[in-house]
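Here are my notes for a first look at this one. Have the structure open as you read.

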Amino acid sequence: MTSECETIKEKLKNIDEENVRIVLFGQPGSGKSSLINAVCGRDAVSTGEETDTTRDAVIVENGDVTFIDLPGYGTAGFPTEAFLEKFQPFQYDLFLCVFSDKLRAADTRLFRMLEAMKKPCIFVRNKTDLIYEEGKTLEESEAEIRRDIEFQLGQENIDLVFVSTRQDRPEGIDVLNDVIMSKMNEARREKYILTAEARTREQLEAKKEAAMTYVKRSATYAAYNGLNPIIAVDAAVDFMILYQLYTNIRATFGITEAIINASRKVSAKDKKLVLGGMSREGINVILRNASRKLVARTFLKVLPVVGQATAALIGYKIVSKTGRDYVNACYELARERLLMELDAKRS
Ligand SMILES: Nc1nc2c(ncn2[C@@H]2O[C@H](COP(=O)(O)OP(=O)(O)OP(=O)(O)O)[C@@H](O)[C@H]2O)c(=O)[nH]1
Ligand SMILES: [Mg+2]
């Protein structure tokens with residue numbers, strides 16, 4: 001038992017010492033790469049005059065944080081969906097949303113996803129050296145930018161830091177560092193619950209609970225944006241939400257295809273569900289089945305005239321119901337495996 005405790009303590013310590021992974025995202029040319037260089041105090045990544053300078057994820061280790069520099073999104077080179085699918089940005093621990101101008105629809109959509117998922121997130125308004133408005137002080141302009149952003153996000157008291165990352169005259173980097181430090185614990189806690197390996201039944205239960213909370217948050221996001229998987233206004237988004245949700249749930253429980261195939265106790269239905277969540281076709285089946293059930297059971301016969309609120313409710317129900325089923329199925333798979341391991345240890 002003591003050795004068991006020791007291992008757990010050791011694991012906790014490692015997690016505490018593990019780097020927090022900070023991902024930056026924002027429009028091309030908003031200054032994500034420049035910001036990393038300013039915070040690290042060296043030319044760690046390349047920046048550019050022309051847009052789309054960064055093409056691939058670049059990883060920069062700096063002390064106890066790791067920065068992930070991503071390309072800008074919402075361009076011909078990287079439409080938002082392709083960007084989300086390729087880089088899976090929601091897997092990281094702490095989010096810097098960098099902008100240098102008015103927010104575009106693609107920004108608010110991504111930023112609201114983060115807010116709704118309650119991801120630790122800091123907004124960074126870069127290029128303050130270029131802010132100049134006739135008859136206004138810099139403070140007045142900044143206050144106005146803050147009001148605009150909060151209005152667009154429908155959220156008050158966001159963490160917003162104003163910086164300039166010009167190499168010859170950086171501004172606001174110290175404040176940004178402080179805000180990042182103040183968010184580190186929150187980022188670590190989230191990371192710990194979802195990534196630490198469950199070694200006991202209690203830990204597995206805790207994990208299930210954390211995963212359910214995560215499902216709820218994702219469902220809230222679906223509702224928040226009035227997503228409607230049934231009318232399929234934006235099928236790509238429906239797919240991405242469920243795809244990321246299922247991928248993260250499987251990762252939380254450490255479920256792989258091999259584990260699913262090896263299971264002997266979990267029902268064929270559950271196995272099929274978990275496998276289905278791995279592919280586009282499978283997710284479409286899940287979505288179709290869930291919609292059909294809702295249609296049969298509820299007010300959806302009047303679908304063509306439903307308003308935004310009803311659409312939001314449907315999105316919420318589909319994401320939360322299928323998400324909970326998915327957590328339960330993954331939990332059963334993980335439980336079977338854990339019990340087997342504990343048995344093996346005992347004998
Ligand atoms: N005036 C001013 N220019 C800046 C500032 N920060 C960055 N820039 C310039 O903005 C341009 C784009 O900067 P990057 O850091 O490459 O932007 P990015 O967001 O990484 O761009 P992509 O990789 O293409 O998505 C470069 O020419 C920078 O020199 C700033 O604070 N003030
Ligand atoms: Mg860049």
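1. Let's start with what counts as a pocket. On a 1 Å grid over the protein atoms alone, a pocket is an open set of points where a 1.4 Å probe fits, with protein on both sides within 12 Å along at least five of seven lines, and lining residues have an atom within 4 Å of a point. Grid points are joined across faces, edges and corners, and the volume is the space filled by probe spheres set on the points. The largest pocket here comes to about 690 Å³. It has 22 lining residues, and Leu-273, Ile-286, Asn-289, Lys-293 and Asp-325 are the closest to its centre.

2. A word on the source: this is a predicted model, where local features need pLDDT of at least 70 and side-chain atom pairs pLDDT 80 or more, while totals for chains, interfaces and linings use all residues. Residues are numbered from 1 along each chain as its sequence is written, and side-chain values use heavy atoms, with hydrogens and water left out.

3. Which helix gives the most to the lining of the largest pocket? That is H12, with nine residues. Helices H10 (268–276), H11 (280–297) and H12 (308–346) each supply at least two; helices are DSSP runs of H or I, at least four residues, and strands runs of E, at least two, numbered from the N terminus. The lining divides into seven nonpolar, six polar and nine charged residues, with Asp, Glu, Lys and Arg as charged, Ala, Val, Leu, Ile, Met, Phe, Trp, Tyr, Cys and Pro as nonpolar, and the others, Gly among them, as polar.

4. Now look at H2 (residues 32–40), where seven of the nine residues are buried (under 20% relative accessible area, 1.4 Å probe, protein chains only). Among them are Leu-35, Ile-36 and Val-39. Cys-40 is buried too, at 13%. Just after H2, Gly-41 takes a positive phi of about 70°.

5. How many disulfides are there? The count is zero, a disulfide being a pair of cysteine sulfur atoms within 2.5 Å. For Cys-121, the closest cysteine sulfur is in Cys-97, 3.7 Å away and so too far for a bond. Cys-121 is buried, at 4%.

6. Finally, the rings: there are six aromatic pairs (Phe, Tyr or Trp ring centres within 6.5 Å, with the six-membered ring used for Trp; planes under 30 degrees apart are stacked, over 60 edge-to-face, the rest tilted). Phe-25 and Tyr-73 pair edge-to-face, 6.2 Å centre to centre with 65° between the planes. They sit 48 residues apart in the chain.

Methods
Chains are lettered from A and ligands numbered from 1 in the order in which they are written. Buried means under 20% relative accessible area, exposed over 50%, partly exposed in between (1.4 Å probe, protein chains only).
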